[in-house]
Structures are given as C-alpha cells and as structure tokens.
Amino acid sequence: MTSTTPTTTTTTARRWPRPAEGTWTEHYPELGTGPVSFDDCVSPELYELEREAIFERAWLNVGRVEDVPRTGSYFTKEIAITGASIVVVRGSDGEVRAFHNVCRHRGNKLVWNDFPREETSGACRQFTCKYHGWRYDLGGALTFVQQEGEFFDLDKSTRGLAPVHCEVWNGFVFVNLDPSPRQGLREFLGPMLGGLDGYPFDRLTERYDFVADNNSNWKLFADAFQEYYHVPALHPQQVPIAVRNPEGGFECAHFQCDGPHRVVSTAGPRRWTLDPAYMYPIERATRSGLVGPWEAPDIGPVPAGVNPGGVEPWGISNFQIFPNVELLIYSTGWYLLYRYWPTSPGTHRFEGTLRFAPARTARERIEHEVAAVVFKEFALQDAGMLGGTQAALETGVLDDFVLNDQEILVRHFHKVVADWVEAGR
Ligand code: FES
Ligand SMILES: [Fe+2]
C-alpha cells in the first residue's frame, strides 16, 4: 500500500451495483426476505442454548500472538457465558497453547492476581498453585507435588492441566471449548477469511484497547456494526452529502456471506473530500479521525481478499467472524477488532482494539491517538442507544421486525445463530 496524497476531488452521490439477481438479500435465497424475530436477544432459554450450541463449539478468538511474545508469556481469558477460564501460554518450544485455568489438585484457579474473576497476563517459567503449591510447566505437565509420598497411587503424568484446543490463524489465537471440535480452525474460517492470508497483521502492533460492559444482548451490538443503514440517523456527522445516495441515505458497496461469516465493504477513502461541517476541528488539524489517519503508511503488499468485492475506490472491509468477532480492515493501513462476549441475555462485554503500524514520528502518534478517541465516541453513540433497543425488545410486545437489503448481514447473522442452535438441540 502506498502513501496517499489528499486531493480536493468531490465524490458524487452514487449507487453501487447489486448482484445480477437484483438485491443482495435475494442473492442468498436461504435467507428469505420476510420479517425476523429478535427473540434470540431476550430469551433466557435461547441464551442457554447459545452457550452449548455456539460458545462451546465454535472457534473463539481470545487474543493475538503479540500478547504472548516470549517463552513463558501468558494471559488468561474469562469466557462468562460458558463459565470457562482459560490460560494461553507460549511454551519453551515456541508453540502457543491453551489450558483450563484449574489446578488438578483441589480445583483452585491456577493463574490470577488480586481478584480471581479478573483477567491477568504476565510471564513466568512455570505455574504454581497458590493453595498447596503444585507446579505445572509451560506445556501443562504437572512437575511438582508437595509431599508427593502422602498421596495414594498418584501418577503425575495423568494430572497435567486440562488442555483446550488452540490454533493460530494469521497471528490471531483461537480456542475451541469442544473436547472434539468438528472442524479445524482453517476449515471453520473458510475461503473468504482465508483470502486475508498474508495481510501484514504482524506489522500493526501499536494498540489502543477498550473494554465496555453494555446493556444489550451481544448480537444487538454486533448488528450495529454490520449495517450502515443507521449511520445517517445515528451518526449524521459521518455521512456528508457527498457520500449519500439520491435519497439521502448511505449504501454499502459490497456484501458477501461465506458459511457462518460475513463481510461488508464501503467505498473510500475520501476524508479529504469531506465538508468541514462534517468533522471536528481536531480532525482537520491532525488529519485523522473516525476512519483513522488520512495518509496511509507503507505496510507492504496486502492480499486481494481484503476487498473481496473489488470495490474501487475501496475504503473499509468489515469482516464478521462467527460468532463474536468483527475485523475491520481500512484501506489506509490499519485495523480494528471487536469482540462481543455475552454475560447474560441482556448484557455483554465489548472489547475493541485499534492496531496501527508503530508511529515513527510524533505526528503519527497524534494521528493514532485522535483516531482512537474519535472511534470511542462513535462506539459510545451505538452502545448508548442499544440499551434502548434491548429495553424495548424486552417488553415482548412485538417480535416481528422487517429488515431491508442494506441489513442483509443482520438477517444472515440471526439465521446462522438459529441454525447453530437448531443443530445443537
Ligand atoms: S488446589 Fe492447587 S495445589 Fe491444591
Ligand atoms: Fe454505529
């Protein structure tokens, strides 16, 4: 990707070509076009079913290889909906592994700091249980038992930490809580996400992380990030006249579904074509903002799969990796990753991270900081409103909602969830 020079070109309102069948939605006949139920966002029964059918079966992204940079680096992950606590560690052979964070003696949580339900990270040579001092090596083997001779027929080789299936894809660490996953990670991710192979994620290591506990079902927040239909109303500042369609709305340039996963692409980048009325003064001053720094650093070649629709000019591709990850790749050489962790039928924990190529100058650092702060403001606009969606859905008065063609990915997401729940019954 080469560096981009701002111009004053005006972008005219336009419509994007739809598939030959006429609409994005009808391109996937299995989705139908009828009204959709959002009972899956309020029903305690469906929440329980999602636990077993989805979160105990699907591959779940819990971090990146940069989170475990050296032998002995580890982090823990609490997966509230399943009750699991996982420790991910890089072994002395360089492999990244995951284990249930439970001591094999009397079941104490093995790795934690001040508060047992909070996540932690660090580096060590071995794990030592706080309770009676049993020790495990980085490969999970039980290596030391205090007063071992007092036990009865204790075979240490059978008392290692319980392993969790763990695989790495382009530096993203995934775990699978199913003792026998039905698919390997790569097969699960499928060809569309496979098209991201070779993207230089490993060069984008400057990070800004956010965590928020939100008052909505996990899927409602994901929905808000997989359609842009709401943007002119909820975030009018993002959509100046130049990028609206003839009816004053916003159209995405490409939608695609692949197995349980989805992508939506938008056109751009065109921050420098924007009316100053549609941005904060600090965005103009720093030449950065909601869609990141205006000028792209050279991060090397990127695979064609980042823009599977061949959108020109391409702006952003927002990949939704089933079940609970969104990966937004910007044409300006950075990415965002969201994870939605269910904590109850009506709440979830949102994790957001922005990743840039490390700043080489103070100006670049400021661009990154501004992008992070502006991102946070817009995410709060969504999060704040979704409490209202959740509250209204919970009245139970209505459960029959219409979705338009720009909301195809919302339709697809809830159908995939329903299909997995049905398969799990
Ligand atoms: S519970 Fe861990 S050593 Fe006893
Ligand atoms: Fe939004």
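α3 (218-224), α4 (231-234) and α6 (362-394) each supply at least two residues to the lining of the second largest pocket. Helices here are DSSP runs of H or I with at least four residues, strands are E runs of at least two, and both are numbered from the N terminus. This is a predicted model in which local features need pLDDT of at least 70 and side-chain atom pairs count only at pLDDT 80 or more, while totals for chains, interfaces and linings use all residues. Residues are numbered from 1 along each chain as its sequence is written, and side-chain values use heavy atoms, without hydrogens and water.

A pocket is an open set of points on a 1 Å grid over the protein atoms alone, where a 1.4 Å probe fits and protein lies on both sides within 12 Å along at least five of seven lines; lining residues have an atom within 4 Å of a point. A volume is the space filled by probe spheres set on the points.

In the second largest pocket, α6 gives the largest share of the lining, 6 residues. Nearest the centre lie Asp-223, Glu-227, Leu-386, Thr-389 and Glu-407.

Now for the largest pocket: β1 (60-64), β2 (73-79), β11 (206-214), β16 (334-344) and β17 (347-356) each supply at least two lining residues, and β16 gives the most, with 6 residues. Closest to the centre of the largest pocket are Thr-76, Lys-77, Glu-78, Glu-119 and Glu-351.

| Pocket | Volume | Lining |
|---|---|---|
| Largest | about 780 Å³ | 36 residues: 13 nonpolar, 9 polar, 14 charged |

Definitions and conventions: Chains are lettered from A and ligands numbered from 1 in the order in which they are written. Ala, Val, Leu, Ile, Met, Phe, Trp, Tyr, Cys and Pro count as nonpolar, Asp, Glu, Lys and Arg as charged, and the others, Gly among them, as polar.
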